[in-house]
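Reader: I would like to learn how to read a structural model feature by feature, beginning with a helix. Could you take me through it step by step?

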Amino acid sequence: MRRNTSAKWIATGALVAATSLCPIARAQEAQPAGDKARPGGIAAEPNKVRGDELNDRQKLAVERGLAWLAARQANDASFTATGHGYTNHSGITALAGIAFMQAGNLPGRGKYGKEVQNCLDFVLGSCTESGLIASDMTQGPMYGHGFATLFLAEIYGMTGDEAVKEKLQKAVKLIQKTQNREGGWRYQPVPYDADISVTICQVMALRAARDAGIKVEKETIDNSIKYVLNCQNPDGGFSYMARGGGGGNSGFPRSAAGVAALYYAGVFEGKNLERGLNYLRQFTPGPSRNNNGEGHYFYGHYYAVQAMFLAGGDYWAKWYPGIRDELITNQRAGGEWDGDFNTDYATAMALIVLQMPNRYLPVYAGKGPGS
């Protein structure tokens with residue numbers, strides 16, 4: 001799998017960075033603009049764009065957002081979450097790098113190739129001998145470690161950079177070593193307790209690493225599925241911790257994380273997935289959307305848009321236009337978004353969501369039953 005996928009994504013990355021082709025024009029089996037999504041259940045038509053997702057307003061919003069993000073990059077190449085106990089942050093820097101890559105940039109290639117390279121240099125410089133990727137240890141580092149490992153996996157899968165591979169392998173080993181007995185992860189790199197929010201970060205990082213050819217133990221993935229399923233409530237949503245822990249009630253952000261975790265762990269069909277997707281549908285963006293009175297807006301939509309894209313069909317057709325228009329409306333005059341931790345984080349997340357139809361990154365290209 002490594003040689004085939006690596007060659008495929010190296011070629012794709014080079015093409016993307018060297019040209020200005022519209023992502024929709026490159027999408028396989030894109031549905032003609034204006035067609036209604038074909039009916040079907042889960043996995044009937046996963047991972048497909050329709051062909052009408054991108055419009056002039058979306059393109060302008062992305063251009064303005066990327067320009068703002070590039071201007072925000074600090075002298076040491078990092079991005080921050082100032083005001084929340086963090087300083088220069090490897091996880092948020094990784095998310096910014098992913099946002100640039102979603103526009104077709106690679107390290108040193110493309111309009112924002114320099115910014116991607118700077119993000120990569122900072123993340124690599126944050127790698128410790130233990131495998132933990134953390135530039136700031138004042139808060140629980142496993143969130144940032146998951147995002148940073150995902151970023152390195154995408155870089156390695158598209159470039160084959162051996163310097164990245166060594167750091168990535170150590171990061172993956174640390175994730176596997178710190179999985180707790182229930183099958184999940186939490187803030188600290190120790191195998192004690194777990195929650196759904198940190199767990200999805202690690203599951204997604206492992207999926208990206210495996211797709212890039214890095215060895216990931218099957219037992220680790222199997223145990224993560226057990227943990228995620230133990231977080232699911234009868235209403236189809238997900239609690240913060242297994243068996244109703246951490247408050248127990250379902251909520252939008254953690255339920256989006258739970259559904260995405262099932263997909264990235266390799267669960268593509270079944271009643272649990274269907275119930276989770278149907279729970280999320282009540283939060284479909286639009287004028288009558290139920291926001292459940294919760295925060296973590298960007299975090300929730302980051303995972304929800306991935307879940308709906310991987311589900312495909314009617315799930316995607318109804319979700320993406322709503323969140324696209326909502327984000328465009330809420331973009332600030334300078335090109336940034338505000339919310340959750342701070343503008344760096346919110347803007348990176350918003351750009352990743354808006355650019356989902358591009359399908360430039362291997363992890364978002366999606367796998368399906370039998371993969």
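Predicted model: local features only at pLDDT ≥ 70, side-chain atom pairs only at ≥ 80, totals over all residues.

Reader: Which residues of α3 are buried, and what caps its N-terminal end?

Author: Burial is a matter of relative accessible area, with under 20% counting as buried. In α3 the buried residues are Gln-58, Ala-61, Val-62, Gly-65, Leu-66, Trp-68, Leu-69 and Ala-70. The N-terminal end of α3 is capped by Asn-55, which places a side-chain oxygen 3.2 Å from the backbone nitrogen of Arg-57.

Reader: How should I read two helices that pass each other, and at what angle do α4 and α6 cross?

Author: One looks at the distance between the axes, the angle and the handedness, and then at the residues in contact. The axes of α4 (residues 90-101) and α6 come within 7 Å and cross at roughly 35°, and the crossing is left-handed. On the α4 side the contact is made by Ser-90, Gly-91, Ala-94, Leu-95, Gly-97, Ile-98 and Met-101, while on the α6 side the contributors include Gly-144, Phe-147, Ala-148 and Phe-151.

Reader: How many aromatic pairs does the structure hold, and why is the pair of Tyr-143 and Tyr-187 called tilted?

Author: There are 13 aromatic pairs. Ring planes under 30 degrees apart count as stacked and those over 60 as edge-to-face, with the rest tilted. The rings of Tyr-143 and Tyr-187 have centres 5.9 Å apart and planes at 50°, and the pair is therefore tilted. This pair links distant parts of the chain, since Tyr-143 belongs to helix α6 (residues 142-159) and Tyr-187 to the loop between α7 (162-177) and α8 (196-211), 44 residues apart. With a relative accessibility of 31%, Tyr-187 is partly exposed. By contrast in geometry, Phe-309 and Trp-316 form an edge-to-face pair, 5.2 Å centre to centre with 70° between the planes. Phe-309 is buried at 0% relative accessible area, and Trp-316 is buried at 1%. Ring pairs also join Tyr-143, Phe-147, Tyr-187, Tyr-299, Tyr-302 and Tyr-303 into a cluster.

Reader: Turning to loops, is Ser-239 buried or exposed, and what lies 2.5 Å from a polar atom of its side chain?

Author: Ser-239 sits in the loop between α9 (218-230) and α10 (252-264), and at 0% relative accessibility Ser-239 counts as buried. A polar atom of the Ser-239 side chain lies 2.5 Å from the backbone oxygen of Met-241. Beyond its neighbours within four places in sequence, Ser-239 is in contact with several residues, among them Ile-196, Cys-231, Asn-233 and Arg-254.

Reader: Where is Pro-285, and which residues is it in contact with, leaving aside its neighbours within four places in sequence?

Author: Pro-285 lies in the loop between α11 (271-280) and α12 (297-311), and is buried, with a relative accessible area of 7%. Leaving aside those sequence neighbours, Pro-285 is in contact with His-301, Trp-319, Gly-322, Ile-323 and Glu-326. The C-alpha atoms of Pro-285 and Lys-318 are separated by 8.6 Å, although the two residues are 33 residues apart along the chain.

Definitions and conventions: Residues numbered from 1 in each chain as written. Heavy atoms only, no water. Phe/Tyr/Trp six-rings, centres within 6.5 Å; stacked < 30°, edge-to-face > 60°. Helix = DSSP H or I, 4+ residues; strand = E, 2+ residues; numbered from the N terminus. Buried < 20%, exposed > 50% of the residue type's maximum accessible area, 1.4 Å probe, protein only. Polar contact = N/O pair within 3.5 Å; in protein donor to acceptor, adjacent residues only side chain to side chain. Contact = heavy atoms within 4.5 Å. Axes fitted to C-alpha atoms, helices over the stretch in contact; angles between N-to-C directions. Left-handed = near helix turned anticlockwise from the far one by under 90°.
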